[in-house]
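Dear colleague,

Please find below the structure that I am handing over to you. My findings follow it, and I would be grateful if you read them with the structure open.

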Amino acid sequence: MKLLVMSDTHGDAEVIKQVREANQNVDAIIHCGDSELAFDHPYLEGIRKVRGNCDQDNRFPKEDLFEVEGIKVFVAHGHLLNVKSTIMNLLYRAQEVEANVAFFGHSHVLGAELVDNILFVNPGSLLKPRGIAEKSYVVVEFANHNWNVTAYNDKGEEIFTNSYEITE
Ligand code: MN
């Protein structure tokens, strides 16, 4: 199971198109909000997407929950869960909906961690990264109780890769 995750593109539609074209072999594409595009923008077609604090279009849902190959995926921009301060509220919400993985954005800080057997991933920003110089997105794979998270810059060059093992 392979997911392409991006966030906080803040009006740059072309980078969404470019990253999608470079990663066509995925089971789902996720945008964690603040695209600042219309909900029905053609470059967002077929993407699981949520509303960020900068998104004007109220057709975006505030959060999303769906299943891919038995894995429950939760998506929220994060501003309503105060993720710039702590992931605790996001953790509680992810536990509540029994998610296996939670994707969020808002802080523009690239990162991944496993907490309480739930994988939390912020793909960073493809427009204004914070903490690192590079614009980023993430590809997440799950197989054999193992998450593999690989972050790339906007040119498709690898920034880091990490594995996280789920305990039964
Ligand atoms: Mn935001």
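Two strands are taken to pair if DSSP finds at least two bridges between them. The model is a predicted one, and the pairing described here was computed from it.

By that criterion strand 9 has two partners. Strand 10 (residues 146-153) runs antiparallel to strand 9 and is joined to it by eight bridges; within this pair, Tyr137 stands opposite Tyr152 of strand 10. The two strands form a hairpin in which two residues lie between them. Asn144, in the turn, has a positive phi of about 50°. Strand 1 (residues 2-6) is also antiparallel to strand 9, with four bridges between them, and here Leu4 faces Val139 of strand 9. Strand 9 itself, residues 136-143, is mostly covered, as six of its eight residues are buried.

A manganese ion is coordinated by Asp34 through OD, Asn53 through OD1, His77 through NE2 and His106 through ND1, at 2.1 to 2.5 Å. Along the chain, the donors of this ion follow the spacing D-x18-N-x23-H-x28-H. Asp34 and His77 link distant parts of the chain, being 43 residues apart. Asp34 belongs to the loop between strand 2 (28-31) and strand 3 (48-49), whereas His77 belongs to the loop between strand 5 (71-76) and helix 2 (88-96). Both Asp34 and His77 are buried.

With kind regards

Technical notes: Residues numbered from 1 in each chain as written. Predicted model: local features only at pLDDT ≥ 70, side-chain atom pairs only at ≥ 80, totals over all residues. Heavy atoms only, no water. Donors = N, O, S within 2.8 Å, 3.2 Å for Na, K, Ca; no water. Buried < 20%, exposed > 50% of the residue type's maximum accessible area, 1.4 Å probe, protein only.
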